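Hi,

Here is the structure I said I would pass on to you.

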Amino acid sequence: MLIPYGRQNISQADIDAVIAVLRSDFLTQGPVVPEFERTVSEYCKSKYGVAVNSATSALHLACLALGVGPGDRVWTTPITFVASSNCALYCGAEVDFVDIDPRTYNMSPAALAAKLESAEKNGTLPKVVVPVHLCGQSCEMEAIHALSLQYGFRIIEDASHAIGGSYKGEPIGNCRFSDIAIFSFHPVKIVTTGEGGMAVTNDHELAASMQRLRSHGITRDPAEMTTPSEGPWFYQQIDLGFNYRMTDMQAALGISQFQRLDEFVKQRHALASSYNSLLESCPVTVPWQHPDCHSSFHLYVVQIHPAEMKASQREVFERLRSHGIMVNLHYIPVYRHPYYRSHGHATTSLPEAERYYSQALTLPLYPGLEAHQQREVVEHMKSPLGHQTIF
């Protein structure tokens, strides 16, 4: 039986919630999406939530709402999924990368400060910085926010991994140190809507802009129209938007899942603690947790010590997969991908990102993972290297 690195946890209550929508008058653009937006924003202590069909769409809308366009620069971390940087390219902006902290694997405030100092001299400061809360642990947002005040950039938190986590005792997504925060509800994330995402913010204008842009740039609000309404049917397209809407079916699943969010995070912490104990005698570095953070533990990433393990990262990866343990690697540095190499990043190489990529391994972690499965994962990590079959 395969052990995936992550998977959804669906209850009968989740199924019943979706069925209730299927039996209602609205499958999309009904009352459930706004209810889900309130559920998330109230949990995070932010003022507004804008639900969309994916976190990728939410990142795109966030960039557009902040006015990102041709000639602008957006900086993010290289250790992330490509959506964190693609969102800027969709807007015609340039992308660059800031090296990571060797302990948290998140964007390094020290590296960011050094890069900003140089960029100010060269006239190449970013318009937006996108810190990514890798594995569910918040970046050092207070330090990044302080730099934003000094250098004048805006902040989008890519919190796709981090719903249910906290920073300095407050829920991730409260936007105290950012303009917008983004969540993902993909099936391997903490809670799921199937596919789906959300942008949260405390800024009414940003929320209104993202709400219009997710639905073709159309408004029915007379206050936003350029001419008086011609009747109760009237609407206007005032921006060039997209069809990025979430359905009521997805939102119903999200609301139901949210009832178990804190329990999911608690279970993930218990599993992480168990791994920490099981791996004590294994030559790996387990995830370090910043004292200001309470991670949602979307991912459990270890660093392999090849010399002590007498096996390379690839050999350990293949060994585990050959036994049906579907480990993964989060992530290949974005600048290494062929598209980025052919668009100005052929020579990009950040030392901490490269060191991370050469040693990282994501172990299975999800509610429902059994103790005997965790022991199996660790036993195969420690076992002598044999014939390998990658698939």
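Below is what turned up when I went through it.

One thing to keep in mind from the start: this is a predicted model.

Let me begin with the salt bridges. How many salt bridges does the structure hold? There are 13 salt bridges in it. I'll walk you through a few of them.

Take Glu-37 and Arg-214, whose side chains meet in a salt bridge with an N to O distance of 2.7 Å. Glu-37 sits in helix H2 (residues 32–44), while Arg-214 belongs to the loop between helix H7 (204–213) and strand E10 (218–219), so this pair ties together parts that are 177 residues apart in sequence. Are these two partners buried or exposed? Glu-37 is buried because its relative accessible area is 8%. Arg-214 is buried too, with a relative accessible area of 16%.

Next up is Glu-170, which forms a salt bridge with Lys-45; their closest N and O atoms are 3.4 Å apart. Here the link runs from strand E7, where Glu-170 lies, to the loop between H2 and strand E1 (48–52), where you'll find Lys-45, so parts 125 residues apart in sequence are tied together. Glu-170 is partly exposed, at 29% relative accessible area. Lys-45 has a relative accessible area of 54%, so it counts as exposed.

Then there is the salt bridge between the side chains of Lys-115 and Asp-96, at 3.0 Å from N to O. Lys-115 is in helix H5 (residues 109–122) and Asp-96 is in strand E3 (residues 94–97), so the parts being tied together are 19 residues apart in sequence. Lys-115 is partly exposed, with a relative accessible area of 24%. Asp-96 also counts as partly exposed, at 26% relative accessibility.

Between strand E6 (residues 166–167) and E7, the antiparallel pairing runs over two bridges. If you want to find a spot to look at, Ser-166 has Pro-171 in E7 as its bridge partner.

Where is His-290 found? It is in the loop between strand E12 (284–285) and strand E13 (293–294). With 14% relative accessibility, His-290 counts as buried, because the cut-off for that is under 20%. Leaving out residues up to four places away in sequence, His-290 touches Gln-137 and Glu-140.

Last, something on the surface. Ile-10, Ile-15, Ile-19, Leu-22 and Leu-27 form a nonpolar patch there, and together they have about 390 Å² of accessible area. One of them, Ile-10, lies in the segment before helix H1 (12–22). Ile-10 is partly exposed, its relative accessible area being 41%.

That's what I have for now.

Cheers

How values were computed: Residues are numbered from 1 along each chain as its sequence is written. This is a predicted model: local features need pLDDT of at least 70, side-chain atom pairs count only at pLDDT 80 or more; totals for chains, interfaces and linings use all residues. Side-chain values use heavy atoms; hydrogens and water are left out. Helices (H or I, at least four residues) and strands (E, at least two) are DSSP runs, numbered from the N terminus. Buried means under 20% relative accessible area, exposed over 50%, partly exposed in between (1.4 Å probe, protein chains only). Contact means heavy atoms within 4.5 Å. Patches are made of residues with over 30% relative accessible area and no salt bridge: like charges are joined within 9 Å, nonpolar side chains (Val, Leu, Ile, Met, Phe, Trp, Tyr) within 5 Å. Accessible areas come from the Shrake-Rupley method with a 1.4 Å probe; for residues, only the protein chains shown count as cover. A salt bridge is a side-chain nitrogen of Lys or Arg within 4 Å of a carboxyl oxygen of Asp or Glu. Two strands pair if DSSP finds at least two bridges between them.
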